[in-house]
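Visitor: I'm new to this one. Can you walk me through it?

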Amino acid sequence: QICNQHNAEAPNLEQAFHRMAQTEPSLDHDVSWFLLPSHWAKTVVALISFLCFANSYDGDFVFDDSEAIINNKDLRAETPLGDLWHHDFWGSKLSSNTSHKSYRPLTVLTFRINYLFAGGFYPVGFHVINIILHCTISVLMVDVFSILLGGLQFSNKGRRLNLAPKTSLLAALLFAVHPVHTECVAGIVGRADLLCALFFLLSFLGYCKAFRENKEGHNFSIFWVLVSVILGAIAMLCKEQGITILGLNAVFDALVINKLNILELIQKLLHKDKSLENSGLLRKGLLFRITLLMSGGATILYIRWRIMGTGPPAFTEVDNPASFADSLFVRAINYNYYYSLNAWLLLCPWWLCFDWSMGCIPLIKSISDWRIIALAALWFCLIALICQALCSEDSHKRRILTLGLGFLIIPFLPASNLFFRVGFVIAERVIYLPSIGYCILFTYGFSLLSKQAKKKKILAVAVLGILAINVVRCALRSSQWRSEEQLFRSALSVCPLNAKVHYNVGKNLADKGNQSAAINYYREAVRLNPKYVHAMNNLGNILKERNELQEAEELLSLAVQIQPDFAAAWMNLGIVQNSLRRFEEAEQSYWTAIKHRKKYPDCYYNLGRLYADLNRHIDALNAWRNATVLKPEHSLAWNNMIILLDNTGNLAQAEAVGREALELIPNDHSLMFSLANVLGKSQKYKESEALFLKAIKANPNAASYHGNLAVLYHRWGNLDLAKKHYEVSLKLDPMAPGTKENYNLLRRKLEQLQKKGG
């Protein structure tokens with residue numbers, strides 16, 4: 001559908017399109033840079049962007065990938081697709097008090113498709129898609145920058161012309177190789193930013209198509225404006241920043257299509273100048289298009305609000321300390337300091353970190369803090385650029401600077417803490433879109449320097465050097481994102497005051513079995529942040545395993561005192577109290593954990609162990625049954641039920657429970673072993689033998705499996721097979737309890753039989 005409003009003025013707008021290239025100077029004129037055909041320019045950008053991040057293709061799942069992908073039930077085939085529209089990015093219900101309200105169903109859908117095609121959690125496919133997305137976005141940037149830097153003009157055949165081929169190539173290369181993008185590309189969770197950027201750019205290019213010349217000579221195409229709004233909505237369903245493209249489209253329309261002078265317009269509005277009516281706002285349909293954009297944006301936000309509910313996201317002080325400061329002055333000054341650090345990451349992306357929270361950036365609490373200089377520098381630069389963007393007599397300069405500032409600032413607004421609290425101090429991933437504005441400003445600055453420079457080639461070589469350094473930095477940073485160990489350790493030199501960095505290094509070491517080193521990092525995390533309950537919990541766990549129960553109890557007690565609803569710490573405290581034989585306190589701790597986390601199968605399992613120690617067999621069986629109801633694959637709970645029923649002589653019930661467990665977990669060799677013992681005692685030798693052999697096939701080095709099978713054969717009268725498995729058991733574990741005695745009994749019996757036979 002083509003808008004036919006104000007047809008009388010349509011030829012003027014058509015002429016404006018044709019004159020655009022002639023009335024504005026070209027940035028390319030004074031720039032010494034490569035001039036390539038469009039398809040070659042895009043090929044070069046694609047190859048170089050691929051080169052930057054190719055080494056991340058076989059990396060592991062790291063950091064937030066565990067929660068967003070591995071532990072996210074929304075990726076599993078058994079989860080209805082409809083649930084994606086009611087859950088947040090991490091798989092929690094949006095209505096939950098613990099939800100971060102990050103509503104990105106389309107991103108989660110791509111993760112689910114990755115999971116289904118790969119047949120499981122294999123990270124290669126996830127990484128490859130991220131690399132392809134970044135290459136695609138970088139290629140699209142050639143077209144986007146050609147419009148932002150060179151203007152919008154179409155040929156007589158309706159093809160868009162690239163009026164800045166050299167500078168658009170440079171800007172696209174700057175974007176493609178920027179090291180701050182590594183988190184988005186090498187970190188799988190960065191898929192949200194990549195998909196958002198893809199549809200963000202498609203929305204912008206779609207909006208530009210609305211002004212393509214057509215045979216009817218109408219002003220613009222409503223169809224493409226609406227397509228742009230829809231693509232903006234899709235971008236927002238990938239990540240929240242996507243909605244900002246609608247505002248940027250409006251800015252682009254005003255500056256490029258209508259060529260408004262913002263300062264002049266403001267002055268006319270303030271003075272109520274009657275000439276405002278003839279300024280072209282109504283004549284060229286700007287207000288109508290902006291109304292469409294605003295209506296679309298408002299509709300999208302309303303639908304999102306209805307789905308998400310009105311509750312704000314739940315964040316803690318350690319996530320974003322400045323937002324919890326009582327003083328408005330402290331909040332404002334620290335927010336501005338964060339902005340200056342984001343700007344510095346764009347200018348000098350050398351110090352990169354996966355997490356900037358938890359003391360990484362101490363709060364500025366006084367005007368005497370030297371870091372105030374960074375704020376002053378930021379605002380000095382911004383004000384200077386804004387003044388040039390508004391007041392310059394050069395319309396071309398005004399347009400490029402305003403677009404550069406618009407693309408730098410507007411996509412960053414959702415992460416600015418101005419409208420709502422965000423759950424981070426600095427996040428490199430949120431600079432992915434604002435870096436477009438940085439690339440515009442950098443390229444424009446380069447063109448100005450080239451205009452003044454006598455030796456333009458030296459300047460071009462310097463820019464090539466910057467690009468080469470960035471390529472190397474991207475490759476190095478990508479390699480750090482390949483594994484958690486490298487990623488976490490790389491942060492120690494950047495953010496040594498960040499308790500979460502030390503915590504993650506410690507957790508990684510503990511997972512690898514290096515408990516001694518893990519303890520040191522956990523202690524440092526607690527020292528840096530004395531209220532870091534997760535570090536206390538993990539440290540308490542390790543100390544418990546090392547039988548340092550007194551300190552473990554102190555740490556876990558402190559953790560639940562600081563955070564009374566910390567269910568995991570209550571459960572671990574109960575385990576320690578149980579080990580100290582303070583059974584009543586342990587029981588109380590377990591029930592407190594269950595009170596704060598209703599569905600807690602591991603806690604029911606540990607509660608069952610406590611009741612078993614106290615010979616409260618019925619309570620133990622009930623607790624373990626609750627564990628298996630909540631988590632049907634809870635092998636330990638099933639096993640303990642079978643063993644307890646077996647030990648108390650309830651063989652029929654033990655057999656029934658064992659068969660029920662194996663139906664749910666058919667490949668669990670420990671369950672096969674336990675049920676085989678029960679069947680052997682019930683003189684069901686053949687079935688018992690089959691289960692023992694199956695368990696041994698799954699775990700051939702378990703001495704007890706061979707030993708108990710030997711006992712079965714001994715009872716059954718298959719003495720040669722009994723002898724064979726006794727010997728295998730003793731070879732695997734010479735100190736196996738009872739096996740040596742049974743083996744000696746068997747040998748004596750065999751000797752007696754031989755004497756009788758002789």
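Guide: Here is a short tour, from the overall build to helix packing and salt bridges.

Guide: This is a predicted model, where local features need pLDDT of at least 70, side-chain atom pairs count only at pLDDT 80 or more, and totals for chains, interfaces and linings use all residues. Residues are numbered from 1 along each chain as its sequence is written, and side-chain values use heavy atoms, with hydrogens and water left out.

Visitor: How many helices and strands does the protein have?
Guide: The protein has 33 helices and 0 strands. Both are DSSP runs numbered from the N terminus: helices are H or I with at least four residues, strands are E with at least two.

Visitor: What does the C-alpha trace span?
Guide: About 120 × 60 × 50 Å along the principal axes.

Visitor: And what share of the residues is buried?
Guide: Of the 758 residues, 52% count as buried. Buried means under 20% relative accessible area, exposed means over 50%, and partly exposed is in between (1.4 Å probe, protein chains only).

Visitor: What about contacts between residues at least 6 apart in sequence?
Guide: Among those, 67% join residues at least 24 apart. Contact means heavy atoms within 4.5 Å.

Visitor: Let's do helix packing. At what angle do α8 and α10 pack?
Guide: About 30 degrees, with the axes 10 Å apart. Helix α8 covers residues 191–209 and helix α10 covers residues 244–257. That makes α8 roughly parallel to α10. Angles under 35 degrees count as roughly parallel, over 145 as roughly antiparallel, 65 to 115 as roughly perpendicular, and the rest as oblique. Axes are lines fitted to C-alpha atoms, for helices over the stretch in contact, and angles run from 0 to 180 degrees between N-to-C directions.

Visitor: Which residues meet there?
Guide: From α8, F200, S203, F204, Y207 and C208. They meet T244, I245, L248, N249, F252 and D253 in α10. By class, the contact has 7 nonpolar, 3 polar and 1 charged residues. Ala, Val, Leu, Ile, Met, Phe, Trp, Tyr, Cys and Pro count as nonpolar, Asp, Glu, Lys and Arg as charged, and the others, Gly among them, as polar.

Visitor: Switching topic. How many salt bridges does the structure hold?
Guide: It holds 27. A salt bridge is a side-chain nitrogen of Lys or Arg within 4 Å of a carboxyl oxygen of Asp or Glu.

Visitor: Which residue forms a salt bridge with R489?
Guide: E485, with the closest N and O atoms 3.8 Å apart. Both lie in helix α18 (residues 484–494), 4 residues apart, about one turn of the helix. R489 is partly exposed at 35%, and E485 is partly exposed at 33%.

Visitor: What about E587 and R616?
Guide: Their side chains meet in a salt bridge at 3.6 Å, N to O. E587 lies in helix α24 (residues 583–596) and R616 in the loop between α25 (601–613) and α26 (617–630), so the pair ties together parts 29 residues apart in sequence.

Visitor: Is E587 buried or exposed?
Guide: E587 counts as buried, at 19% relative accessibility. R616 counts as partly exposed, at 31%.

Visitor: Where does R625 pair up?
Guide: R625 forms a salt bridge with E660, the closest N and O atoms being 3.1 Å apart. R625 is in helix α26 and E660 in helix α28 (residues 651–664), so the pair ties together parts 35 residues apart in sequence.

Visitor: Which residues are linked in a network of salt bridges?
Guide: E655, R659, K684 and E687 are.
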